[in-house]
Amino acid sequence: MGPKTTKVYETLREWLATGRLAPGDKVPSERTLVEELSIGRTALRQVLARLVAEGALEVRGRSSYRVPGESSVTPPADLPAWTIHGKRNVYTNRWVDLELWDVEPPGVDRFEHHVVKLQHVAISAVLDEQDRVLMLWRYRFVADQWGWELPGGIVDPGESAEQTAAREVEEETGWRPDSLSHLVTFQPMVGMVDSPHEVFVGRGAQHVGDPTDAEEAGHVAWVPLSDVPALMARNQLLGSGTLVGLLHIMAHRGLGGPTAAR
């Protein structure tokens, strides 16, 4: 985005942060925003599309937007947690820790439960102005499967997750994201595995050269978001981070699909 669209993006982000646009609010019409923010309609739609991709806004109809509302579900506050009596290490290396935890769920006899601790991971969904997402076609030997993935990798010591996300995009694809915003943090297998995954979304990137990570690099392509449902149906989307990131973006595009935010 140029300086003007960046300023408008930051202004709308400020409105969201300060409550001028509160959860559940309908966003002013495009005509109102064009006049108030002194921006062209095409540039405004680029800003709104980015906010939709980031989950900050939802699409309601062809050109109507709303701030996602508060949750209507209230979790109970008085349920007891499991009691952890102790833990012991079984195996450790730089990639994985395997532990046995002595646990006691409420009303159940205590037992030992395997816990696997993996690395902190950052993943990026980078979009361009044609509603395409930057992806890698690669082979994963563990599952013996080819498929499409979002770029990502392990957060190094001293790095923030956002720094890792940007670095991994460039190393694996040769494209440098213009910017990244945090989308969601999740645990891919929370019952047994501790491995926080942080997904970021960005709009726009600059090609800076060939991929430099030979081990992780695959065939690089800009994949239309409209292809995502078909790729999912063919089991060609690899990894929970890829699925979470793409499904979040698609869900916030509204029922009209990826063109709804335009």
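**Close-up views of a predicted model**

Figure 1. Helix α3 covers residues 41-53, which makes 13 residues. Buried positions of α3 are A43, L44, V47, L48, A49, R50, L51, V52 and A53.

**Figure 2. Residue V52 in helix α3.** V52 belongs to helix α3. Its relative accessible area is 0%, and V52 is therefore classed as buried, the cut-off being under 20%. L16 is 36 residues from V52 in sequence, and the two C-alpha atoms lie 13 Å apart in space.

**Figure 3. Helix α1 against helix α3.** Helix α1 is formed by residues 3-18, and its axis comes within 9 Å of the axis of α3. The two axes cross at roughly 45°, which makes α1 oblique to α3. The crossing in which α1 passes α3 is right-handed. From α1, the residues in contact are T5, V8, Y9, L12 and R13, and from α3 they are A43, Q46, V47, L48, R50 and L51. Sorted by class, this contact of α1 with α3 consists of 7 nonpolar, 2 polar and 2 charged residues. Among the α3 residues named here, A43, V47, L48, R50 and L51 are also on the list of buried positions.

**Figure 4. Helix α1 against helix α2.** Helix α2 runs over residues 30-37, and the axes of α1 and α2 come within 12 Å. These axes cross at roughly 110°. Angles of 65 to 115 degrees count as roughly perpendicular, and α1 and α2 are therefore roughly perpendicular to each other. Their crossing is right-handed. On the α1 side the contact involves K4, V8, T11, L12 and W15, and on the α2 side L33, E36 and L37. By class, the contact of α1 with α2 has 5 nonpolar residues, 1 polar residue and 2 charged residues. V8 and L12 of α1 take part in this contact, and V8 and L12 also take part in the contact with α3.

**Figure 5. Helix α2 against helix α3.** The axes of α2 and α3 come within 10 Å and cross at roughly 105°. The two helices are therefore roughly perpendicular to each other. E30, R31, L33 and V34 of α2 make the contact with R41, L44, R45 and L48 of α3. The class count for α2 with α3 is 4 nonpolar and 4 charged residues, with no polar residues. L33 of α2 is part of this contact and is also one of the α2 residues that meet α1. L48 of α3 is listed here and in the contact between α1 and α3.

**Figure 6. Two loop residues with positive phi.** Most residues other than glycine have a negative phi. S38 is a residue other than glycine with a positive phi, near 55°. S38 sits in the loop between α2 and α3. With a relative accessible area of 55%, S38 is exposed, because the cut-off for exposed is over 50%. D144 is likewise a residue other than glycine with a positive phi, in this case near 50°. D144 is located in the loop between β7 (132-140) and β8 (145-149). The relative accessibility of D144 is 58%, so D144 also counts as exposed.

**Figure 7. Residue V103 in strand β4.** Strand β4 comprises residues 97-104 and contains V103. V103 has 4% relative accessibility and therefore counts as buried. Leaving out residues up to four places away in sequence, V103 touches W82, T83, I84, H85, R110, F111 and H113. H197 is 94 residues from V103 along the chain, with 25 Å between their C-alpha atoms.

**Figure 8. The whole protein, for orientation.** The secondary structure comes to 6 helices and 15 strands. Along its principal axes, the C-alpha trace spans about 65 × 50 × 40 Å. The protein has 262 residues, and 41% of them count as buried. Of the contacts between residues at least 6 apart in sequence, 60% join residues at least 24 apart.

How values were computed: Residues numbered from 1 in each chain as written. Predicted model: local features only at pLDDT ≥ 70, side-chain atom pairs only at ≥ 80, totals over all residues. Heavy atoms only, no water. Helix = DSSP H or I, 4+ residues; strand = E, 2+ residues; numbered from the N terminus. Expected span 1.5 Å × (residues − 1). Buried < 20%, exposed > 50% of the residue type's maximum accessible area, 1.4 Å probe, protein only. Axes fitted to C-alpha atoms, helices over the stretch in contact; angles between N-to-C directions. Parallel < 35°, antiparallel > 145°, perpendicular 65-115°, else oblique. Left-handed = near helix turned anticlockwise from the far one by under 90°. Contact = heavy atoms within 4.5 Å. Nonpolar A, V, L, I, M, F, W, Y, C, P; charged D, E, K, R; others polar.
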